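This report covers a helix, its packing and its surroundings. The structure is shown first.

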Amino acid sequence: MYIIGENIHIISEKVKEALAARDREFFMDLAVKQVEAGAKAIDINLGPRKKDWAEVFPWIVETVEAVVDVPLSIDTTNVDGMEAALKTIKKAQPILNSTSAEPERLEKIPLLAKKYNAKVIALTMKTEGIPVEADARVNIAVEALIPRMMEVELPMENLIIDPLVLTCSGCQQYCPHLIETVRTLQFAWDPAPNISVGLSNVSNAVPNENRPLINRVYLAMLMGVGLQMMIANPFDQLQNDVIRWIETKDTSHPLAAVYNKIADRITAGEEPQMEDFNLSDSEQAAIWKTTQILLNKVIYADSYLMN
Amino acid sequence: MPIEIPKDKWTGSIRAVTIGATSAEGGTRTKTVTVGGQTTMPYLQYEAMPSGDEAPNKPVIAIEIKSRKPEDWSPLLADVWGEAMADPAQWAKKAEEAGADLLVLALTVEDTPEDAVRIVKSVLSATGLPLIVWGPGQAEKDNELLVPVSEATNGEKIVLGICEDKNYRTIVATAMANGHLVQARAPMDVNLSKQLNILVSDMGIPKDRILMDPTTGALGYGIEYGYSVMERLRLAALQGDAMTQLPMIVTPGFEAWKTKEAKVGEGVPEAWGDWKARAINWETLTAMSLVESGADIVVLRHPESVKRVKDAIEELVTV
């Protein structure tokens, strides 16, 4: 699993404070720790920085590249800021996060990727929004995103399609569709495009204590359909366990076996079954209930584990 | 060529809930009302019938009365209820005559706990219908009025409301202690409806003592959202989700009489036609849309709407 570490994100109060203070140590430390925890790239989302982009984007690139060698994912809607970052990057091939099928972004961002030999994350979203159905999202990739990359002659290996994870709290019907989108996208083109998702979006607006469980169960499902890249928190140890168990087919203890079973069921186009779980074990019972939420079988509620 | 009509098979069913207790059951009601019990989507009785199941309980109509004469209600409602609006016991009798299956008595912020108890008791004496009592809708005041009302009517199996996520514990606790039911309202959202049902039932109140109120809008004012939420809750219930298997109560009277179309008789386009006819149509159509999406109790305000909705329900349940 190629994890793009998500922790340098302006939504975090600590990141906000550190940025205001231009605290180089803070960002260096956070970058190094993510790489040590297994991140293969570092996402940098400091917002659009409409006023100080010309100073902030080069500053953060220079700060982080002083201590790590991995690719940086420049996560912003500010195209000027993105280019300022690209001009500063000296080490690994950067990732642009992101374009979508909205005309203005699809016009500009691939050109930047071409000019600076960057990879680009492309969201399966149009101006009208995000379609629920798997087919409609695949169509956006095949009819808009991929043709544009060919038009600017960006090699397919530089394209990363993000089919957009939405939260089970409020957008529950999207969760099973996304799984099928990831499955289908791999057959949508030859060579198969790279696919990445923002995993923790699946638990947005969910009470904090339930978020890691929902993320892990969804991860097992997505690995079942072949997901190999995601933007995620590399410090989540249990999540990293799930990745290792599924990648190595480790079923040596009950939880590892359960997560592998979920992935196997999804691989086979099946749904996890009650008999796959030892429901007298509270942890496994919670995982079973979570599969039912994520497959939109049972209506989500914040206290769904009590149901 | 014979056509076979496809039938859905469901694993779940809506819980049957009984409101009101007769003297044999520890109360003073002359009749009780049972709602819920359905095993199909609304009015698809034929899907369940061949297995020998009995016809499901049909939707019922509650008429809303208030503890004090409401100053903000439409003059059309004042015309039809007349002097009775100033006397809850009288109003209750007239509502029974108008065909109500049960009553909603809405208390107001001006009521003291003593007023509330006295008025609830006067309504219980005036009619034998089962009763739903709403607080004024402010958390503290609701609790201040509903607790003494609940204690003074121990065993009557009245419905206490309205529980919302910010204020449900006190109401549920007093309902449990005195053998009553509760109405649990969430703001037009399946996830929040289910969440509140979980929280309420987690306090230990039996699930056959909870009515869920998914909230709705009036015709032309978001009713389609309410309709979809109710439909989805009903589907989930039939698929076996225990926390959505509760009968639904909705308030089309309150919603419809808020709309300009029902409320205002002057300064509107002539093409809107006769005010009274329009207002009653608005309430009736709002109510019937909700009945079609699975409402078990509709709370109405105008006697003519009551009559029309009652007739329409009879037609719907006739196989």
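In chain A, α9(A) is followed by A:K249, whose phi is positive, near 50°. Helices here are DSSP runs of H or I with at least four residues, strands are runs of E with at least two, and both are numbered from the N terminus.

The model is predicted: local features need pLDDT of at least 70, side-chain atom pairs count only at pLDDT 80 or more, and totals for chains, interfaces and linings use all residues. Residues are numbered from 1 along each chain as its sequence is written, while chains are lettered from A and ligands numbered from 1 in the order in which they are written.

A:Q239, A:V242, A:I243, A:W245 and A:I246 of α9(A) are buried (20 or more other C-beta atoms within 10 Å of the residue's own, with C-beta atoms placed from the backbone; exposed means 12 or fewer). They lie on the same side of α9(A), because they cover an arc of only 165° around the axis. The other side of α9(A) has A:Q237 and A:E247 exposed.

The cover over the buried residues of α9(A) includes α8, β9 (229–232) and α10 (254–267) of chain A.

## Packing against α8

The axes of α8 (residues 211–224) and α9 (residues 237–247) of chain A come within 10 Å and cross at roughly 20°. α8(A) is therefore roughly parallel to α9(A) (angles under 35 degrees). From α8(A), the contact is made by A:P212, A:N215, A:R216, A:L219, A:A220 and A:M223; from α9(A), by A:L238, A:Q239, A:V242 and A:I246. Contact means C-beta atoms, placed from the backbone, within 7 Å.

Methods: Axes fitted to C-alpha atoms, helices over the stretch in contact; angles between N-to-C directions. Parallel < 35°, antiparallel > 145°, perpendicular 65-115°, else oblique. Contact = placed C-beta atoms within 7 Å. Arc of directions from axis to C-beta.
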